[in-house]
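Dear colleague,

Please find below the structure I promised to hand over. My notes on its charged side chains follow.

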Amino acid sequence: MEDSISKFEKKLSKYRPTKKARIMKAVEWAQLKHGDQKRASGEPFFIHPLKVAEFLVDLGMDQETIIAALLHDVLEDTATSETEMRKEFGREVVNLVDGVTKISLVKAKSKSIQETETMRKMLMAMTKDIRVIIIKLSDKLHNMQTLQYLPEEKKKRIAKECIEIYVPLADRLGISGLKTDLEDLALKHLKPDVYEQLSGTINLAHNENLAYLKKIEKTILKAAKNEGIEIEVTTRAKHIYSVYLKMKKRKKAVDEINDLLGIRILCNTTNECYTLLGLVHRIWPPIANRFKDYIAMPKSNHYQSLHTTVMGFDGRILEVQIRTYAMHYTAEYGVAAHWIYKENTDSSKIEELAIINKLKRWNEQHVPQAEFWEDVKTELLKDSIYVFTPKGHIVEMAKDATPIDFAYHIHTEVGNRCIGAKADGSIIPLNTPLKNTQVVEILTSNRGKPNINWLRFARTQKAKTKIRQWLNKNTEDLIIEKNIIAKSKPLHEEPEKDKTDQASKSEKKDLTNIVKHVVDSSKVSFKIGDEKNMMISLANCCKPTTGDSIIGYVSRGRGIIVHRTDCPNLKNINEFKERSVIVEWEAVSPTASRRFEVTSKITNDLFSEIEGSIRKFGGHLIEGKLEENDKGNLKGNFTMEMTKGVDYKQILKSIRTIPSVINIRPLS
Ligand code: MN
């Protein structure tokens, strides 16, 4: 213990004497407060906050953060009051400790609610003072380093949570040192044998290649000197988790991964980066499609660098990163960089970070709790891409975003009237993930309107909310709530008929009747054609989970209750058949999509005729676009979706019989 404290004290030499004294006072105070509490390892408890503070000293954080780290478990684990702490260390420290304590104190009925709430608290705390999260991440790092003392099952759960939450968070905050440490530690506990094998192989490869890398380094140093550029070259062993991801992605064993070698070149100016890139490519031929310019297109966590992969000496593959010292600093420390010298704190820069802005927007939109967690995982913690509008404006989107997300990002009305999309000039299906730097154009029409399936294409919270809103408001026989879509169609009906068909009108009436019961008997109301407010809930008996085959029951007074189709209780429910409605999972597509190409003579009605043919046989037209070709015909691609059992051939046949159609060809 004394050893650890004196080691810690030595590291404080970079702080001014008064600051150092205050930090050491906190060491003493916290040690006293924790008394003889012990960790699972049997060590004195105070080792933990001391280590957490030490990481932050290594990061060079300001004194308030260091002190808060030393005290971070005092409020939760000892009988000390906030007032007492405030008297000793001031309001700023107490606020930080309070932020960290609140995150860990979230206790809820179920594990998943607890996780969600913890995450929400953490993210919200971050928008107030990002240092809370930096402390929390260091806390996590030490806990991960001492995980071996915990029981197997707990170990795995914590490691998994680390990969799912803390690693992406560190990444989005741009603290890459912390991120890679957490990743490697998580892998070590999740897949111990993989970890052992990889770390052995990687270290061996690195050591065996030291001479080779030295030669590479010399060559670059010489070439740069000839150009009058001062540089620093580092050769590094890859970190274990990144190699693991490569193996998984390429489905290869570690000895089949041939790009384990990497070098990094640091220089002074951006111009020099590009000059150096040219030099490297002149010495060793670049490998196609492996060049990335994160200087012109920084990642949303502000990471900047040039990445290229070249064929080095002896035909060996070599990864090269080129960046300035300043870029390197941002890459290593991310948001923490802004706190390193308190005097230099520039909070406006922190707010520019995309993750913070997104959080603030979400907070204003009041995202329902149930959706929050999913959205955090699918949207917030993912990397971003940048695409362009046809006018050249740059738009940042989540990595898997589709044209639907883009359309709603531009404007709600653009989304609501979208009928198709083009990327770099060619039509793409609305469910295609957009790629970095594409020019995206949304085709709109006054006849365009949102389709239920769009909920499955949309990745962003904004687009999903807008689509749900539109559908709930404008579709009489549809209710969407909590990831479930309820339709008023009776079960086992024939494929949907034409709009003019009398049958469908009477079906709607049926629902009106059923629904009236509900209005009469409770506060739940469902006004057709106006505003609807029908609750959807999951049955307690069979507890359906996403992806299960489900059916809805319009209860008296308790809204629509969703059961699994194989729930044994269904046969005992009164009037089940009469009061059942179709429900499906918003996130799971029950349908298959098909694409085809149509060539036709020029005509005005083709679009609606094709749509009619598809509808007649139970499919849904998702999107389509016709353009005049150089032969004076119309030509275009269409995408349709259909449930299982729908006869695709029949649909194609029906379209072929439209008089103006010259040719139709299935595409996929
Ligand atoms: Mn802790």
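Which residue meets the side chain of K25 in a salt bridge? In this predicted model, the partner is E88, with an N to O distance of 3.4 Å. K25 belongs to helix α2 (residues 17-34) and E88 to helix α6 (residues 82-89), so their contact ties together parts that lie 63 residues apart in sequence. K25 is partly exposed, at 36% relative accessibility, and E88 is likewise partly exposed, at 34%.

A salt bridge also joins K33 to E84, where the closest N and O atoms are 2.7 Å apart. Here again helix α2, which holds K33, is linked to helix α6, which holds E84, and the two residues are 51 apart in the chain. Both ends are partly exposed: K33 has a relative accessibility of 26%, and E84 one of 31%.

Elsewhere, E319 pairs with R290 in a salt bridge whose closest N and O atoms are 3.3 Å apart. E319 sits in strand β5 (residues 317-324), while R290 sits in the loop between α15 (270-283) and β3 (292-293), so this pair ties together parts that are 29 residues apart in sequence. E319 counts as buried because its relative accessibility is 15%, below the 20% cut-off; R290, at 28%, is partly exposed.

Beyond these pairs, K7, K11, K51, E54 and D58 are linked in a network of salt bridges. The structure holds 21 salt bridges.

With kind regards

Conventions. Residues numbered from 1 in each chain as written. Predicted model: local features only at pLDDT ≥ 70, side-chain atom pairs only at ≥ 80, totals over all residues. Heavy atoms only, no water. Salt bridge = Lys/Arg side-chain N within 4 Å of Asp/Glu carboxyl O. Helix = DSSP H or I, 4+ residues; strand = E, 2+ residues; numbered from the N terminus. Buried < 20%, exposed > 50% of the residue type's maximum accessible area, 1.4 Å probe, protein only.
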